[in-house]
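Please keep the sequence and the structure in view while reading.

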Amino acid sequence: MGSKFAHPCLVLVLVAASMVGVSLANKDLGNHRPHNRHNHTTSPKRIIVGGSQNWHFGVNYTDWSLKNAPFYLNDTLVFKYDPPSNTTFPHSVYLLPNLKSFLNCDLRRAKVIANPTQGSGNGFEFVLKKRKPYYLACGERNGFHCKVGLMKFAIVPLRRY
């Protein structure tokens, strides 16, 4: 019983710590502006989720999001994935309502924001419009891609300075 409880708690602590750490590391302290991948620009960026690997099974997107943080308000996340075929598995993008749903890959109250065909071509674009946690995951195979394929990540966009 201890191991069933320890794993979700550890994940919760890691996600919370990473979100707080990114927010604190990029907080404006007086006249000091944080160093970041945006080179102090004020214009929103278009970010391909997963970089050259795009959005597919087996990539650790939580790791990807931590390595590519910070994200800012009005940045656009681009989800690129192949449309379903005989040789590819379908993917989608779900917005999960809270941390508990995210940790458990519970899609019951999640909102589908991109279906399996919307990621082809130039990809599906999702603009980070509010300063709030965004919990994003692949909802295919009833959450299997989220749970086993690591296709999930959480971000909190920051204000630009």
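Leu-95 has Lys-111 of strand E4 as its bridge partner. In this predicted model, E3 and E4 run antiparallel and are joined by three bridges.

Which residue of E6 stands opposite Leu-95? That residue is Leu-136. Strand E6 covers residues 134–137 and pairs with strand E3, residues 93–96, in the antiparallel sense, again over three bridges. Within this pairing, Ala-137 of E6 is the bridge partner of Tyr-94.

The partners named above are collected in the following table.

| Residue | Partner | Strand of the partner |
|---|---|---|
| Leu-95 | Lys-111 | E4 |
| Tyr-94 | Ala-137 | E6 |

The wider arrangement can now be described. Four strands, in the order E4-E3-E6-E7, form an open sheet with antiparallel pairing. The edge strands are E4, residues 111–114, and E7, residues 152–155, and each of them pairs on one side only. On average, neighbouring strands of this sheet are turned by 30° against each other, direction ignored.

How values were computed. Residues numbered from 1 in each chain as written. Predicted model: local features only at pLDDT ≥ 70, side-chain atom pairs only at ≥ 80, totals over all residues. Heavy atoms only, no water. Pairing = 2+ DSSP bridges. Helix = DSSP H or I, 4+ residues; strand = E, 2+ residues; numbered from the N terminus. Axes fitted to C-alpha atoms, helices over the stretch in contact; angles between N-to-C directions.
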